[in-house]
Every structure is written in structure tokens, then in C-alpha cells.
Amino acid sequence: MNYIFQFNVVWDHLPELLQGALLTIQLSATAMVLGLCVAVVCAYGKSAGPRPVRWLVAAYIELIRNTPFLVQIFIFYFSLPVIGIRLTANTAALVAMTVNLGAYASEIVRAGIEAIPHGQVEAARALGLKRLHIFRFIIIFPALKTVYPALASQFILLMLSSSVVSTISAVELTAITNSLASTTFRSFEFYFVATGLYLAMALGFRAGLSAIYWAVFQHGRAA
Amino acid sequence: MKIGLRLVILAMLVAMPATLVAPPVRAESTLDKILKEKKIRVAIDVGNPPFGILDKEGQPDGSDVAVARQMAKDMGVELEFVQVPSTGRIPALLAGRADVTIASISVTTDRAKTVMYCNPNGALQIVIFGPRRVAINTPADLVGKRIGITRATLEEATVPKMAPQGTNIVWFDDISATIQAMLSGQVDAVAMTSFAGKTVADGNPDKQIETKLPVTTAFYGPIVRPGDFELRQWINTWLFLNNQNGTLASLYKKYTGLDLPPLPVF
């Protein structure tokens, strides 16, 4: 191989790359929190809501899970201005990521809810627990614990797929890397480092999510 | 056996001075070869409108293809097209598959390290354009405006340098996203080639898109292999004559719809 790697160019631009990685982390973390909220509401609506709500939620999930993420991003950024809703690139990216994650995660959460034995809910009702309490303690808490590994994987996938939002000019890690690669002509080096940064972020998120699991479901349970 | 060896040595001794004094045989130049075979092989890129395209019958067409046709006709030789992708324009020439490449190759010093440029036969302008309601008349007006550009293009290399501080430059990954951003109002104006600008303006008359500012002009010309001075000189002569008589300008206008900027020579 005759290619001579020149990583000093990359180190000169490291602050910009880290800036991009920071935006990737911010977008992903916010979308994870909001997306999980959407997922819990939708999963409840789909498993226990009245029929119109069930249909609405089913339509949302099918629509999002059966269309490309890239197209969804384009809709939020390029098409909404036509009806007067103008989102900045970052906001459009966050909304698209939240909506996308919400659909995937609600199916995961619903699986967890349906795994709760019916007798458990009936027992809670017999003990006189309120509807909200039943949902909070008897249904959603154990459900989330059951499906937590699947949710965590979906969160990581979301972080990785956030690289697509560079197409609508959000300046996250991939966007910065593309720009630097095309102006310095050292694409190999920049993509190597970007790969490393994504890997580090994925491992970081995984560790963080494991810590949350321990704090909420193991530690919290004992108290 | 012994005699045989002696004979060989003797023969070598006799032959040596002959090779030293023999006049060097002039290698046949590419121009000689073209004229002898009555055929010129021109590498073209038919995936790059308006310079090179395939027409409805699948035949090569476009401004650079038209230049190649006229050139071969004036040379009095048959024309053979060698169709290459954009990345094969220089390799096809260097590998000897073509005698000359005419495929809107912008003149750069980096490329000149591997191939020889003839004089330019056309120009490609990068301009900033946008809807009429956006007021941009001087570079200073760019301050506070959102200007969309596409990564890995000539505009990415030039716009950030000419735009004053305070211009919001917005990068997109591909040219269609940049165009969409302007049409949907996500950016105030965009920078791209004047050809692309004209296509967008013609396709969206309701948006009243107009050219705001020129950014830079890049010239492109035919390239030949290093050392093919005779061929290069013939092409330059042809370019000179057809620049003077307006043929280049009319071909350029026919395919791009724009006037050919004055072509410098080197």
C-alpha cells in the first residue's frame, strides 16, 4: 500500500471534530429521553386505550417504521416550511429522531407490557390501587425492566443513525467530518478518527445506560 | 565452440560504433499517428450535463462533445469516442485508450502535474443566486444571510473565502439538498454553477430566482498526455481560430444557454 497517512491534519482539526461529537451526543441523549416518553404514552395507548386511539397509534407506528429515516428528516426540514412551520436544522433533526425512536421504542415497550401476567394487574385492582398507580408500579416499571436491553440497543442505533442528519445541514460529527475530508483531501484519516469517535460514543452510551439500569431497577428496587 | 565465441565478440566490436553514430530515429508523435490512421480517439464523459450527455437515441451529445466533433471534422479525421466516467477522464488518457480528453476538466496546478492542458475551450462560473425578495447586491450584503453550499465542490473551496464575516454558511451533502433548502426557504440564497442556477430558475418561475453575485470563474480545456506537444499545438491552433470565429461561443450558448465568458490563453 502506497498511501501515506498524515494524522497531524486531523489533530489540527480535533476541536471541531469534538464540537461535532458533542452535538451528536446532545441530539441523541435528548431524543432518547423524549422518544422514550412518546413510546410509553403510545404503548399504553395501543394496549389499553379506546379503539380510535389504538388505531391512531398503530398508524403512527406503521408509518414511521415502514419509511426511510432519511425521507422523514427531509419531510421535517424541507416540507414543513410549505405549511409555515420552519424548523432549524438542529430542531428538525431532533424532532425527526424523536418521532422515529418513539415508533420503534413503543413496539418494544408494548412487548414488555404484554409480557405482564394479567393476574398481576387483576391482583392490583383487587387491592384497590388507582389506575395510574397500577400503570406506574404494576405495568410500566416491570415492563421497562424486561425490555431494557432491547431499548438500550435501539438507543444506540438511534445515535448511530443520527449521522444521516448531516444531509439537512445539522453540523454533527458526520457533517464536520465530511467538510474536513473534502477540504483537506485526507478522507481516510478523518473517517478513521470519526469511526473511533462513534465507537467511543456508542460504548459510552452503553455504559451510561447500564448505570441507569442499575440505579433505577436494581438499586431502586431494593430501597 | 571457441571460434563461435570469438566471432560473437568480433561482431559486437564491429557493431558498437555503428550504434553510436547512427542518427536517432524520431519517434512517431501522437499527432503523426492520428493523421496516419485518420482517426482521433477522444475521451468524453456523457454523465455531466450540459458538457456531455446521451441524447434520446443514446448518442453522445453536449457542449464538449460538440467541440470534439467539430475539431475532428476540421482535422479531417474520423472521430472515435471513448466514454469514461468522471473519475476515468485522466486515467483513460494516461493509459493510452484515448489521444485527448475533452470533458470539462477545470484547469488546476495539481492536474497539470500529470497531464498537459491545451488552452481553455469553456468556462464554468460559480454564482450566488436566490429569490428576488432577498436583497444581495454586494458581498457585504451577505452578512446575516444564510447561504447554502454543497460539500466537495468548487463553491465550497471559494465561497467561504469571499464571504465576509457574519455570513451564515450552511453546508449540504449533495446539490439537490442545497437546491431544496433554497426553494423551501431554509436558506436565503445558494452558491453553485451558473448552469445549475439557470436550470433551477427555469424550473421554478414562480420563485423569481435571479443571479445575485459572481463568486469565481473556472476554465476547463482539453488535456493530452505529457510530451504530446505537437498534438497540443494543433489543438491550441484550432481553439484559437474557433474562438476568433465564434464557433466555441455558439456551441457553448447552444448547450448552456449562457454567453461564453472571454477565454484567456496560456
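This is a predicted model: local features need pLDDT of at least 70, side-chain atom pairs count only at pLDDT 80 or more; totals for chains, interfaces and linings use all residues.

Student: How many charged residues does the lining of the second largest cavity have?

Tutor: The residues that line the second largest cavity include B:Ile44, B:Asn48, B:Phe51 and B:Ile102. B:Asp45 and B:Asp64 also belong to this lining. By class, the lining has 5 nonpolar and 3 polar residues, and the charged ones number 2.

Student: What volume does the largest cavity have?

Tutor: Cavities of 30 Å³ or more are counted here, and there are 2 of them. The largest cavity is lined by residues of chain B, among them B:Ser63, B:Val67, B:Asn121 and B:Tyr220. Its volume is about 40 Å³.

Student: Which helices each supply at least two residues of the lining of the largest cavity?

Tutor: B:Asp64, B:Leu248, B:Leu251 and B:Tyr252 are among the lining residues of the largest cavity. By class, this lining has 5 nonpolar, 2 polar and 1 charged residues. The helices that each give at least two residues are, in chain B, H3 (63-75) and H9 (247-256).

Student: Turning to the open spaces, which element gives the most to the lining of the largest pocket?

Tutor: The largest pocket has a volume of about 1,200 Å³. Of its 33 lining residues, B:Ser106, B:Arg111, B:Ala152, B:Thr153 and B:Leu154 are the closest to its centre. Elements that each supply at least two lining residues include helix H8 (173-184) of chain A and, in chain B, strand E7 (122-131) and helix H5 (154-162). The most, 5 residues, comes from H5(B).

Student: How many nonpolar residues does the lining of the largest pocket have?

Tutor: Helix H7 (194-203) and strand E11 (209-220) of chain B also each supply at least two residues of this lining. Sorted by class, the lining has 11 polar and 7 charged residues, while the nonpolar ones number 15.

Student: Is A:Phe188 buried, partly exposed or exposed?

Tutor: The place of A:Phe188 is in helix H9 (187-222) of chain A. Buried would require under 20% relative accessible area, and exposed over 50%. Because the relative accessibility of A:Phe188 is 44%, this residue counts as partly exposed.

Student: What accessible area does the nonpolar surface patch with A:Phe188 have?

Tutor: A:Phe188 forms this patch on the surface with A:Tyr3, A:Phe5 and A:Phe192. Together, their accessible area is about 370 Å².

Notes:
Residues are numbered from 1 along each chain as its sequence is written. Chains are lettered from A and ligands numbered from 1 in the order in which they are written. Side-chain values use heavy atoms; hydrogens and water are left out. Patches are made of residues with over 30% relative accessible area and no salt bridge: like charges are joined within 9 Å, nonpolar side chains (Val, Leu, Ile, Met, Phe, Trp, Tyr) within 5 Å. Accessible areas come from the Shrake-Rupley method with a 1.4 Å probe; for residues, only the protein chains shown count as cover. A salt bridge is a side-chain nitrogen of Lys or Arg within 4 Å of a carboxyl oxygen of Asp or Glu. Helices (H or I, at least four residues) and strands (E, at least two) are DSSP runs, numbered from the N terminus. Buried means under 20% relative accessible area, exposed over 50%, partly exposed in between (1.4 Å probe, protein chains only). On a 1 Å grid over the protein atoms alone, a cavity is a set of points where a 1.4 Å probe fits but cannot get out, and a pocket is an open set with protein on both sides within 12 Å along at least five of seven lines; lining residues have an atom within 4 Å of a point. Grid points are joined across faces, edges and corners, and a volume is the space filled by probe spheres set on the points. Ala, Val, Leu, Ile, Met, Phe, Trp, Tyr, Cys and Pro count as nonpolar, Asp, Glu, Lys and Arg as charged, and the others, Gly among them, as polar.
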